Amino acid sequence: KDNVAKKKLATTQRNIYSTAINYNLNQHFGIDFNLSNYGTAQRAGTRSLSDTAKINQISNSITLTPHYNFIKGNLLHNFILVMGNQALNDRNKFTSTYTDMKMKYANFIYSLMNMDKKTNYNFGINYSGSKTESGEIILNGISLGAGKTLMKDRMNTDVSVSLNNSSFNNASNGLVVNASANCSYVVSKHHSFRTNILWLNNQSKNIAAGNSFNEFTFMVQYNFTF
């Protein structure tokens, strides 16, 4: 809670509750459970607050993640299923029409690592559905990725691409494409570099579901460790 000195125009209070449970049946299979609840509310401070602008929201999230892995020869197989539900409940009747949101998602990921060649590959299937006052947006598609460690573990490289079909209120809305390439290199004990290239192409036939756009991002990062 802020406004300890009682000099602000409004007092904002946040209540955060979260729990995590991780259970491993054996060295191969385990399951994780996460639950969180975030509440934010305002009340008058030095001045009265307008009901139309007052913040009173609760955001909650539930995630269930079973995972299984095994090693055969020099290959490490890993299977992960991520299922979750998120919701934003706006208790302000003047703004809830624009902010209320419910979302559910499920992602399955299979990864294969060759420990001798220091390469890894991954394949994923994903689904997400979100509901707002304007309608329901559903994304479903696949993702592919690969990576390799080079130069005596001093360089790590990976590339990935995902393709998702978008629908809005049960009508096809377009395709969403994500692609990325990353490379990190350790020069010495204290110096390292990392580059990231990201490309996003979002197609949207219905403006109520968002605008179509292209986005390209290039980042260079230098790290100094002491």
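Leaving aside neighbours within four places in sequence, T63 is in contact with D32, F33, N34, V82, M83, G84 and Y105, where contact means heavy atoms within 4.5 Å. That residue belongs to an open sheet story: eleven strands line up in the order β1-β2-β3-β4-β5-β6-β7-β8-β9-β10-β11 with antiparallel pairing, and T63 lies in β3. Keep in mind that this is a predicted model, where local features need pLDDT of at least 70, side-chain atom pairs count only at pLDDT 80 or more, and totals for chains, interfaces and linings use all residues. Residues are numbered from 1 along each chain as its sequence is written, and side-chain values use heavy atoms, with hydrogens and water left out.

**The sheet**

- Strands here (E, at least two residues) are DSSP runs numbered from the N terminus, and two of them pair if DSSP finds at least two bridges between them.
- β1 (10-24) and β11 (213-224) stand at the edges with a single partner strand each, so one side of each has no neighbour in the sheet.
- Neighbouring strands are turned by 10° against each other on average, direction ignored; the axes behind that angle are lines fitted to C-alpha atoms, and angles run from 0 to 180 degrees between N-to-C directions.

**Strand pairs and hairpins**

- β2 (residues 29-44) and β3 (residues 56-72) pair in the antiparallel sense over 13 bridges, and A41 has N56 in β3 as its bridge partner.
- β5 and β6 also run antiparallel, joined by 13 bridges; M113 finds its bridge partner in N120 of β6.
- The β6 to β7 hairpin goes through two residues.

- T63 counts as buried at 15% relative accessibility; buried means under 20% relative accessible area, exposed over 50%, and partly exposed in between, with a 1.4 Å probe and protein chains only.

**S160 in β8**

- S160 sits in strand β8 (residues 155-168) and is partly exposed at 32% relative accessibility.
- Its side chain makes a polar contact of 2.7 Å with the side chain of S180.
- Setting aside neighbours within four places in sequence, S160 is in contact with L144, G145, N178, A179 and S180.
- S160 and N122 are 38 residues apart in sequence, yet their C-alpha atoms are 8.8 Å apart in space.

**Two lysines with positive phi**

- Most residues other than glycine have a negative phi.
- K6 has a positive phi of about 55° although it is not a glycine; K6 is in the segment before β1 and is exposed, at 65% relative accessible area.
- K118 also has a positive phi of about 55° without being a glycine.

Conventions:
Helix = DSSP H or I, 4+ residues; strand = E, 2+ residues; numbered from the N terminus. Polar contact = N/O pair within 3.5 Å; in protein donor to acceptor, adjacent residues only side chain to side chain.
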